[in-house]
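Dear colleague,

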Number of protein chains: 2
Amino acid sequence: MKILLIGGSGNIGRAIAAELDGRHEIIAAGRQHGDVRVDIEDEASIIAMYQRLPELDAVAVATGGRNGHLAPVAEMSAARYRVGLESKLLGQVNVVLHGLNHVRDGGSFTLVGGVSDAQSIAPQFSNVYMANAALDAFVTAAAVELPRGLRINLVAPQLLDESVEAYGAWFRGMPTTPAASVARAYSLSIEGMQNGQVYRLGR
Amino acid sequence: MKILLIGGSGNIGRAIAAELDGRHEIIAAGRQHGDVRVDIEDEASIIAMYQRLPELDAVAVATGGRNGHLAPVAEMSAARYRVGLESKLLGQVNVVLHGLNHVRDGGSFTLVGGVSDAQSIAPQFSNVYMANAALDAFVTAAAVELPRGLRINLVAPQLLDESVEAYGAWFRGMPTTPAASVARAYSLSIEGMQNGQVYRLGR
């Protein structure tokens with residue numbers, strides 16, 4: 001398969017490449033690294049990326065861009081909520097919408113979400129949770145409406161083992177999961193037949 | 001209690017007024033009806049509304065504005081998804097954020113969401129589901145972060161009995177619920193002590 005991997009340089013992206021490379025041709029895309037440049041927050045850059053690529057079998061997104069604005073709810077604003085909505089949510093939505101005509105029949109999109117449930121709430125992350133939950137709903141709805149047997153799934157990890165050192169202080173007590181397990185969920189989505197699934201990891 | 005009811009002229013709004021009137025003072029706000037005018041998609045109009053009101057005990061929102069753009073996923077775009085994000089989601093978020101200093105200690109916000117789960121998916125509604133799911137996450141996160149004992153809950157109805165004639169053809173086979181039951185969920189939120197709850201009705 002020809003697999004476009006957007007955001008290949010982070011912990012999840014590198015684990016996906018390690019899982020799939022060898023079996024498949026990986027085309028890496030990123031803001032600063034990769035075979036092609038793309039900024040998922042810039043719709044024109046997504047359109048330009050697809051125009052330079054051959055027909056694909058799968059698109060995997062491993063980055064949510066800026067993800068969201070971190071602040072207590074009482075210090076948030078509509079403008080601050082738009083950070084996560086425009087990057088993690090609509091950035092990935094645009095990767096799907098503009099990619100529909102560049103993926104072969106039966107091909108797949110795999111997006112990256114995260115937690116949003118009450119047991120996973122940590123202070124200051126309401127913007128990220130909002131984007132994560134909206135991605136759940138988008139994938140659930142898109143799965144029953146996409147044409148030509150195209151499939152779409154969401155990988156929703158909690159805190160990565162690899163991120164505990166950098167971010168663990170924000171999430172004391174939260175379950176963690178290795179990036180390699182997250183990458184296997186991408187494999188399940190891309191190399192399997194599932195559609196409309198949200199793979200929740202680290203619970 | 002002094003209760004601000006935004007969107008009092010629709011099926012849900014009228015049922016809320018019927019449930020709470022007599023026991024409480026209802027201040028009705030709406031785009032075209034009510035004691036004060038407000039358009040929840042216009043942040044300045046929300047700010048201006050609160051400046052004209054006395055201190056409140058509760059804020060109840062019964063309208064999602066334009067709710068969302070209805071179209072198959074393959075015909076959607078980021079611009080079309082912004083309809084629901086800016087109206088149903090950020091419109092209600094702004095009602096909360098700008099209302100924080102206008103509601104007394106322990107007072108409540110009650111917002112209107114809806115369905116977003118796989119068993120409730122109907123074609124063309126992905127924008128509405130996205131906004132609904134994002135509202136779930138916002139309320140869940142805000143409930144643990146709001147200051148001064150302020151509470152927040154979400155009422156998430158499926159199709160109303162009263163809407164079957166107008167919208168039933170979009171939702172064949174879906175469970176329905178009377179607006180009076182939806183209004184009782186607002187009562188539970190406003191007159192009770194609960195916080196961070198999503199009241200799912202009609203399942």
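In what follows, a residue is called buried under 20% relative accessible area, exposed over 50%, and partly exposed in between, with a 1.4 Å probe and protein chains only. Please note that this is a predicted model, in which local features need pLDDT of at least 70, side-chain atom pairs count only at pLDDT 80 or more, and totals for chains, interfaces and linings use all residues. Residues are numbered from 1 along each chain as its sequence is written, chains are lettered from A and ligands numbered from 1 in the order in which they are written, and side-chain values use heavy atoms, with hydrogens and water left out.

**Relation of the two chains**

Chain A is superposed on chain B by a rotation of 180° with 0.0 Å of shift along its axis, at an RMSD of 0.0 Å. This is the relation of a two-fold axis. The same surface serves both copies, since 100% of the contact residues of chain A recur in chain B. The superposition is by least squares on the C-alpha atoms of residues with pLDDT of at least 70 in both copies, and contact means heavy atoms within 4.5 Å.

**The sheet**

Helices (H or I, at least four residues) and strands (E, at least two) are DSSP runs, numbered from the N terminus. Two strands are said to pair if DSSP finds at least two bridges between them.

In chain A, seven strands make an open sheet with parallel pairing, in the order β3-β2-β1-β4-β5-β6-β9. Its edge strands are β3 (36-37) and β9 (198-201), each of which pairs on one side only. Strand β1 (residues 2-6) of chain A has four of its five residues buried, so it is largely enclosed by the rest of the structure. β1(A) pairs in the parallel sense with strand β2 (residues 25-30) of chain A over five bridges, and the bridge partner of L4(A) in β2(A) is I27(A). β4(A) is joined to strand β5 (residues 103-112) of chain A by four bridges, again in the parallel sense; here V59(A) has F109(A) as its bridge partner.

Chain B holds an open sheet of seven strands with parallel pairing, in the order β3-β2-β1-β4-β5-β6-β9. Strands β1 (residues 2-6) and β4 (residues 56-61) of chain B run parallel and are joined by four bridges, with A58(B) in β4(B) as the bridge partner of I3(B). Four bridges also pair β4(B) with β5(B) in the parallel sense, and V59(B) stands opposite F109(B). Seven of the ten residues of β5(B) are buried, so this strand is largely enclosed by the rest of the structure.

One residue of that strand may be taken as an example. V112(B) is found in strand β5 (residues 103-112) of chain B and, at 6% relative accessibility, counts as buried. Among the residues that V112(B) touches, not counting those up to four places away in sequence, are I12(B), V61(B), L135(B), L154(B) and Y186(B).

**Salt bridges**

A salt bridge is a side-chain nitrogen of Lys or Arg within 4 Å of a carboxyl oxygen of Asp or Glu. The structure holds 16 of them over all chains.

In chain A, the side chains of E41(A) and R66(A) meet in a salt bridge (2.6 Å, N to O). This pair links distant parts of the chain, 25 residues apart: E41(A) is in the loop between β3 and α2 (43-52), and R66(A) in the loop between β4 and α3. E41(A) counts as partly exposed at 27% relative accessibility, and R66(A) is partly exposed at 48%.

A further salt bridge joins R104(A) and D57(A) (2.3 Å, N to O). R104(A) lies in strand β5 and D57(A) in strand β4 of chain A, 47 residues apart. R104(A) is partly exposed, with a relative accessible area of 31%, whereas D57(A) is buried, with 15%.

In chain B, E41(B) forms a salt bridge with R66(B), the closest N and O atoms being 2.7 Å apart. E41(B) is partly exposed at 27% relative accessible area, as is R66(B) at 47%.

Yours sincerely
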